[in-house]
Amino acid sequence: MVGDISEQNNTLQSLTQTSPTINNSQGTSISKDASGLKLAWLMSFPNSGTSYTMKLVAESTNLATASNYGQEGYNTMGQEIPVFNNISSPFIATNGKFPEAFILTKTHCSMRCAYCPPSKYFVEADSFQEGCLMLSNVIGDKKDKKTVPYNAELVGKAVHLFRNPFDNIISRFHMYGKNEKRLERDETKYSNDAAGFKEFCTDKDAMHVTKETKFFGESFVASTEGVPCHSDFYRY
C-alpha cells in the first residue's frame, strides 16, 4: 500500500469534487475538460474480470472509466461517447467524475479470438501493441462494427490484470453458454458441468490440428496432448 489511507481519501475526494461530471446514461451532450489527461490501460486476457474491476473502480471512486470497445457504453440515444473529441480515442464506459490525470481504459490487445487458427492469434511484440491501441466501435446498426487505431501517445500508464488461467478457461466455457442463451437457442451443445467442459475443449482442440502442426510444428502439437482448450492457454 502506498501512502496513508486518510491521505489517499483526501486526494480522492479532491478529484471527485473538482472533476466535471460525465453521465452517459443521458441523451445530452457532455462537457468535459480532457486537457492533460492520459489513458491508463487496464490490460487483460478476456474473462479475467476486467469489466468487474472497471465497475468496482467506478463505484468506489465515482470516477469515469473508458474502454476500447464502444459497444460497452452508450447513452440513451445509442451514441458512443469518446474520451477525447475530434480524434480517435476510447469511449466512456462507466459514469462518474472525469479524472484529472489518468482514466482507466479497458483493452484486451491481440490474441483474444476464441476459435481462430494460429495464424490469427500469433503476433509479434509490435503487432501486440497495435492490438492494444485498436478501437472497436459501432457505426449505425449495431451489427456494423468499425475497427480503427488511436495514437500511442495518449497512453500514460498500464495496469496488467491477471486471473488464474485455469479459472479463466472455465469462464471462457461459461461465456460460450451465455452466448448460446443470448442467441435464444433452446439448448447448448454441451452440458454445464465438468463433462460438458471436457467435451467442449475436446472439440475446440480438434478444430485446427492440421494448421497448428503446419504453423508450430509436430513437437508443439505433441506437447499439448492432454491439455484441455490448449489454444486458450497459449493465447493467455
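Lys189 and Asp203 form a salt bridge, and their closest N and O atoms are 3.5 Å apart. This is a predicted model, and the distance should be read as a property of that model. The pair links distant parts of the chain, since Lys189 sits in the loop between H5 and H6 while Asp203 belongs to helix H6, 14 residues apart. With a relative accessible area of 56%, Lys189 is exposed. Asp203, at 29% relative accessibility, counts as partly exposed, because that value falls between the 20% and 50% limits.

How many salt bridges does the structure hold? There are four. As a general point, side chains of opposite charge can pair when their charged atoms come close.

Let me turn to Asp232. Its salt bridge with Arg172 has the closest N and O atoms 3.1 Å apart. Arg172 lies in helix H5 and Asp232 in helix H9, so this pair ties together parts that are 60 residues apart in sequence. Both Arg172 and Asp232 are buried; for Asp232 the relative accessible area is 0%.

Asp232 also forms a salt bridge with Arg235, and here the closest N and O atoms are 2.9 Å apart. These two residues are separated by about one helical turn, because they stand three residues apart in helix H9. Arg235 counts as buried too, at 4% relative accessibility. Taken together, Arg172, Lys204, Asp232 and Arg235 are linked in a network of salt bridges.

Helix H9, which covers residues 230-235, also contains Ser231. Is Ser231 buried or exposed? At 8% relative accessibility Ser231 counts as buried, because the value is under the 20% limit. Leaving aside residues up to four places away in sequence, Ser231 touches Tyr121, Lys204, Asp205 and Glu212.

A search of the whole structure finds one cavity of 30 Å³ or more, and the largest cavity holds about 70 Å³ of space. It is lined by 14 residues, and those closest to its centre are Cys116, Lys204, His208, Glu212 and Ser231. Which elements give two or more residues to this lining? They are helix H3 (118-121), helix H6 (194-206) and H9. H9 supplies the largest share, three residues. By class, the lining of the largest cavity divides into seven nonpolar, three polar and four charged residues.

I close with the open space. The largest pocket has a volume of about 1,000 Å³. Its lining comprises 29 residues, of which Gln71, Glu72, His108, Arg112 and Met175 lie nearest the centre. The elements that contribute two or more residues to this lining are helix H2 (50-61), strand S7 (134-138), strand S8 (145-149) and helix H5 (165-182). The largest share, five residues, comes from H5. H5 is also the helix in which Arg172, the partner of Asp232, is found. In the lining of the largest pocket, nine residues are nonpolar, 12 are polar and eight are charged.

Key: Residues are numbered from 1 along each chain as its sequence is written. This is a predicted model: local features need pLDDT of at least 70, side-chain atom pairs count only at pLDDT 80 or more; totals for chains, interfaces and linings use all residues. Side-chain values use heavy atoms; hydrogens and water are left out. Helices (H or I, at least four residues) and strands (E, at least two) are DSSP runs, numbered from the N terminus. Buried means under 20% relative accessible area, exposed over 50%, partly exposed in between (1.4 Å probe, protein chains only). Contact means heavy atoms within 4.5 Å. On a 1 Å grid over the protein atoms alone, a cavity is a set of points where a 1.4 Å probe fits but cannot get out, and a pocket is an open set with protein on both sides within 12 Å along at least five of seven lines; lining residues have an atom within 4 Å of a point. Grid points are joined across faces, edges and corners, and a volume is the space filled by probe spheres set on the points. Ala, Val, Leu, Ile, Met, Phe, Trp, Tyr, Cys and Pro count as nonpolar, Asp, Glu, Lys and Arg as charged, and the others, Gly among them, as polar. A salt bridge is a side-chain nitrogen of Lys or Arg within 4 Å of a carboxyl oxygen of Asp or Glu.
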